[in-house]
Amino acid sequence: MRDVREWTASLVRFVKRRRDPVVVQTLRSAAAATIAYVIALRLSPEAAPLTAPLTALLVVQVTLYATLTNGIRRVNSVVAGVLVAIAFSLLVGLTWWSLALLILASLGVGHLVRVDEYVPEVAISAMLVLGVTAVGDYAWARVVETLIGAVVGLAFNLLFAPPVWVDEAGESIEGLARRVRQLMLLMGEEAAGRTPVERATERLHEARRLDHDIVEVDAALKQAEDSLRLNPRVREGLLHRVVLRTGLDTLEICTVVLRVLARTLTDLAKERDPEPLFAPQSGAAVERLLSEIADAVVSFAVLVTTDVTVSAESAEERLASQLRQATATRDKLAQLLLEEVQRDAGQWQLYGAVVTEVNRILDELDTEHRSRRLLEELDRTSREQRERMPRLNRLRETLRRNRPAFAGRSR
């Protein structure tokens, strides 16, 4: 029985590993490069046409959208480099000064044809072509191999759709929310008692370090957004992209406000030292409030990363309940702080700042605020797409209007 359970667990791990996007991408890249090389062996005059598998390897990027854009730019860069090399070989040949001029001209041409990160590829192609004896044969062989690699890479991604990186982006967003939650809980626990200035300053530095986490999450989200573009396996890709992007924007705003709150508590620790930051009742209310907001932040992240309707509704109900509870605690804290200020108005600005910053986080997490922001972003993105591709949108409108007529004819 134990052997059966171990065998089953091993099988589950193997299946999960096969579905790992990193493993899938590695296998796809290796397969595309091999196919490109086999085709190039038949079509290219070169004995070892390695440019074809190299191009396929570079073209088969993580996403279909990146594959299309990278494939076009890479082909342009190689063709531009070959043309520059042919021109130089006919005029001056290969010398130290012509090589310098070739590099300058190739880099300039690369910027003119807008190949972006493939600008060095223009110079590399030009130098490789200029450095051989039979310039004409080698030049056209390199162009053919590049085209083979690019076509194989594009066809490979069209036939075998690349992995969608939405789950990885969702895990990154939830991980950021949990780190924010952990910091909030620490700040709340310390605010309930006497907080040394050094410890408050340490929390401020931790809040500032969240900026680095946001950069990493943003990179994962960009990869997920590209994986949703032009992917035949994904429906409503625009909605997924906007939901994740607006969710990350909200969390980023919350981390900025949290950093300001950490600064306020640090200033309060300096002013109140060696006394506690708050009176006992107020400190307990601050701790409870930050704990409730911390849980709401995680619930918000779960909400924006959940694509199943039932789960999303449950997450939204949980978030709304947590926000109502946090709002009630906020009102109680505001009353307690008002009573403290009436007794001693020495730190009224800092007490008011605490309540203001908490209000900003609650407002950002509010479900109605999120719905309005989501609709505005969807409208803006759709409008930008229509303006960027007017012909494609006119074709879609024409097909949509003619669909009933086609349906009637088929019947």
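Among contacts in the protein chain (heavy atoms within 4.5 Å) between residues at least 6 apart in sequence, 78% join residues at least 24 apart. The secondary structure of this chain comes to 15 helices and zero strands, where helices (H or I, at least four residues) and strands (E, at least two) are DSSP runs numbered from the N terminus. The model is predicted, so that local features need pLDDT of at least 70 and side-chain atom pairs count only at pLDDT 80 or more, while totals for chains, interfaces and linings use all residues. Residues are numbered from 1 along each chain as its sequence is written, and side-chain values use heavy atoms, with hydrogens and water left out.

**Surface and burial**

- Of the 411 residues of the protein chain, 43% count as buried, a class that means under 20% relative accessible area, with exposed meaning over 50% and partly exposed lying in between (1.4 Å probe, protein chains only).
- The chain exposes about 22,700 Å², of which carbon and sulfur atoms supply 58%; accessible areas come from the Shrake-Rupley method with a 1.4 Å probe, and for residues only the protein chains shown count as cover.
- A nonpolar surface patch of about 870 Å² is made by Leu90, Leu91, Val92, Trp96, Trp97, Leu101 and Leu104.
- Patches are made of residues with over 30% relative accessible area and no salt bridge, like charges being joined within 9 Å and nonpolar side chains (Val, Leu, Ile, Met, Phe, Trp, Tyr) within 5 Å.
- Helices α4 (64-91) and α5 (96-112) each supply at least two residues of the nonpolar patch, and α5 gives the most, with four residues.
- Leu91, which lies in helix α4, is exposed, with a relative accessible area of 71%.

**The largest nonpolar core**

- The largest nonpolar core has 62 residues, of which Phe278 and Ile293 touch the most other members.
- The elements that give two or more residues to this core are α8 (166-191), α9, α10, α11 (280-304), α12 (309-343) and α13 (348-365), and the largest share, 13 residues, comes from α10.
- A core of this kind is a set of buried Ala, Val, Leu, Ile, Met, Phe, Trp, Tyr and Cys residues joined through side-chain atoms within 4.5 Å.
- Not counting residues up to four places away in sequence, Phe278 touches Ala191, Leu265, Leu268, Gly283, Val286, Leu337, Glu340, Tyr351 and Val354.

**Helix α13**

- The 18 residues of α13 should span 26 Å at 1.5 Å a residue, and this agrees with its end C-alpha atoms, which are 26 Å apart; the expected span is 1.5 Å times one less than the number of residues.
- Buried residues in α13 include Leu350, Tyr351, Val354, Val358, Ile361 and Leu365, and among them are also Glu357 and Glu364.

**Salt bridges**

- The count comes to eleven salt bridges, each being a side-chain nitrogen of Lys or Arg within 4 Å of a carboxyl oxygen of Asp or Glu.
- The side chains of Arg203 and Glu202 meet in a salt bridge at 3.8 Å, N to O; Arg203 counts as buried at 11% relative accessibility, whereas Glu202 is partly exposed, with a relative accessible area of 43%.
- Glu190, Glu202, Arg203 and Glu206 are linked in a network of salt bridges.
- Arg259 forms a salt bridge with Asp211, the closest N and O atoms being 2.9 Å apart, and this pair links distant parts of the chain, with Arg259 in helix α10 (residues 237-272) and Asp211 in helix α9 (residues 197-228), 48 residues apart.
- Both partners count as partly exposed, Arg259 at 22% relative accessibility and Asp211 at 32%.
- Glu275 forms a salt bridge with Arg272, their closest N and O atoms being 3.7 Å apart; Glu275 counts as partly exposed at 46% relative accessibility, while Arg272 is buried, with a relative accessible area of 15%.

- Asp213 lies in helix α9 and counts as buried at 18% relative accessibility; leaving aside its neighbours within four places in sequence, Asp213 is in contact with Leu176 and Arg179.
- Thr246 has its place in helix α10 and counts as buried at 7% relative accessibility; not counting residues up to four places away in sequence, Thr246 touches Arg373, Leu374 and Glu377.
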